Amino acid sequence: MFMIAIEATIVATAMPQIAGDLGGLKLYSWVFASFLLTQTAMTVVFGKLSDIYGRKPMMLAGIAAFLLGSILAGFAWSMPSMIVFRLIQGIGAGAIQPVGMTIVADLYPVRERGKVQGYLASVWAISGVLGPMLGALIIHQFSWAWIFWMNVPLGLLATAGFVFFLHEQRERRPMSIDVTGAALFTATVAALMIALTDAGDGQASRAWMAAGAFVVCLVLFVLQERRAEHPVVSFALWSRRPVAAANVAMLLGSMVIMGLTTFLPMYVQSVQHRTPVVAGLALTMIMVGWPLGSTVAAKAFPRYGLRPMLLLGSILVPIGACAFLLLSPDNSPVLAGAGSLIVGLGMGFMGVCSLVLIQEIVDVSDRGSATASNIFARNLGSTLGATALGAVFNFGLARATSDAPISSEQLKRALESAGANPVIQAAMQDSLHMTFWAVLVISLLVMAATVWIPPTTVGRASRPAAKM
């Protein structure tokens, strides 16, 4: 989990420099979106596979894929090649995250699980603090390739831990995997991402073609899922109001988080002319607030209930998002950090409570698939957030610069206060301010989705599905 967590902050901190080195500024958000695309598509597949074949083999397969993508990403020679290698990384992450969460659900009853999920959330906090500092150190002292290659020793340690210490006895049950559904889902999300990106770039004809492909793939995907014996996306599971509402709330919340992860470091560096360390620390406050909110929610929900904790979290998210509308070139980065902290607190409350809610209202035999549905919603939100908000940013940038688009070299100079161009700085300010407005609108939708969650009482501990 640490490998995935540190990837979120260390890559975000280093991406402005990577984009300046490799070129392809318009593909900036795709480096994040490509990772999330395959992660999202594979989450539900590996969640179901873990129900059939066990958690351990799926976890080991995920680590292997993640390490392969990490090694190749360090050798990337262009933005398109970086995107391809991030796709491979995403496949591994699509196994590691849901299977890890499901292992916790197998081992711990509901009243203890929130506390353990809080421990896991602290991994994100630690990586959030270390990520920006390591990213800045690697950028200034070594090649940026090492932000990917550092995953190799971590992955090998994790592999050894699972091989020697995780022992499970699981009875395999026959079940087919909906490969066609997974492929159609991937094509559907990819077409939507292309449509949004091209629309933001002002390429109307390509955007409409991609939108048409999205509609066709979506229709085929729905038809496939309705007739599949074991669909990738279970409509029966998603038709349950608590599951649907909680997952939609997390989907929208993840769009907010990804928007900040992608564009807040760019604002702090290119508009406020702060160092990558400062930019990373402002973003890191999300990772500090998230486990803090998770810990408080884990202790509070057995007494006050899951729904009140979810509502409290959904209120904090737009409050934090308002801080980013107040940012200006002369502001202190402390304001950005405060907004990040509040958003992180809100998502911490929502994350642990939504996951426990979904895990407890399904049968133990479907726990892997149910957990995967929640992770699926989060990753889909991150995928759409990176692309949709990237489209808003590109649209704002195109409008601000008219016929003189910003080149990669100009971006590199904008990241250095000494070489700042006032025109470029103003264009970045306007386009990023528009992006933060979009983040606020999405955060208000988070509140609306959370209100839709009905009062739900979860039972006491279910017996583990496997003996580990």
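**Entry 1: H13 and H17**

I began with how helix H13 passes helix H17, and I found a left-handed crossing. The model I am reading is a predicted one. H13 covers residues 306-325 and H17 covers residues 422-451. Their axes come within 9 Å and cross at roughly 165 degrees. Angles over 145 degrees count as roughly antiparallel, so H13 and H17 are roughly antiparallel to each other.

Next I looked up who makes the contact. On the H13 side I noted Arg307, Leu310, Leu311 and Ser314, among others. On the H17 side the list includes His433, Phe436, Trp437 and Val439. Sorted by class, this contact has 17 nonpolar, 4 polar and 1 charged residues.

**Entry 2: H13 and H14**

I stayed with H13 and turned to another partner, H14. The axes of H13 and H14 come within 7 Å, and the crossing angle is roughly 155 degrees. That makes H13 roughly antiparallel to H14. How many charged residues does the contact of H13 with H14 have? I counted none: the residues divide into 20 nonpolar, 7 polar and no charged. H13 passes H14 in a left-handed crossing.

**Entry 3: H3 and H7**

A reminder to myself: two packed helices are described by the angle between their axes and the distance between the axes. For helix H3 (residues 55-74) and helix H7 (residues 151-165), I wrote down an angle of about 170 degrees and axes 10 Å apart. H3 is therefore roughly antiparallel to H7.

Lys56, Met59, Leu60 and Ile63 are among the H3 residues that take part. They and their H3 neighbours in the contact meet a set in H7 that includes Asn151, Val152, Gly155 and Leu156. By class, I have 11 nonpolar, 4 polar and 1 charged residues here.

**Entry 4: the cavities**

How many cavities of 30 Å³ or more does a search of the whole structure find? The search gives 3. The largest cavity has a volume of about 610 Å³.

Key: Residues are numbered from 1 along each chain as its sequence is written. This is a predicted model: local features need pLDDT of at least 70, side-chain atom pairs count only at pLDDT 80 or more; totals for chains, interfaces and linings use all residues. Side-chain values use heavy atoms; hydrogens and water are left out. Axes are lines fitted to C-alpha atoms, for helices over the stretch in contact, and angles run from 0 to 180 degrees between N-to-C directions. Helices (H or I, at least four residues) and strands (E, at least two) are DSSP runs, numbered from the N terminus. Angles under 35 degrees count as roughly parallel, over 145 as roughly antiparallel, 65 to 115 as roughly perpendicular and the rest as oblique. A crossing is left-handed if the near helix is turned anticlockwise from the far one by less than a right angle, and right-handed if clockwise. Contact means heavy atoms within 4.5 Å. Ala, Val, Leu, Ile, Met, Phe, Trp, Tyr, Cys and Pro count as nonpolar, Asp, Glu, Lys and Arg as charged, and the others, Gly among them, as polar. On a 1 Å grid over the protein atoms alone, a cavity is a set of points where a 1.4 Å probe fits but cannot get out, and a pocket is an open set with protein on both sides within 12 Å along at least five of seven lines; lining residues have an atom within 4 Å of a point. Grid points are joined across faces, edges and corners, and a volume is the space filled by probe spheres set on the points.
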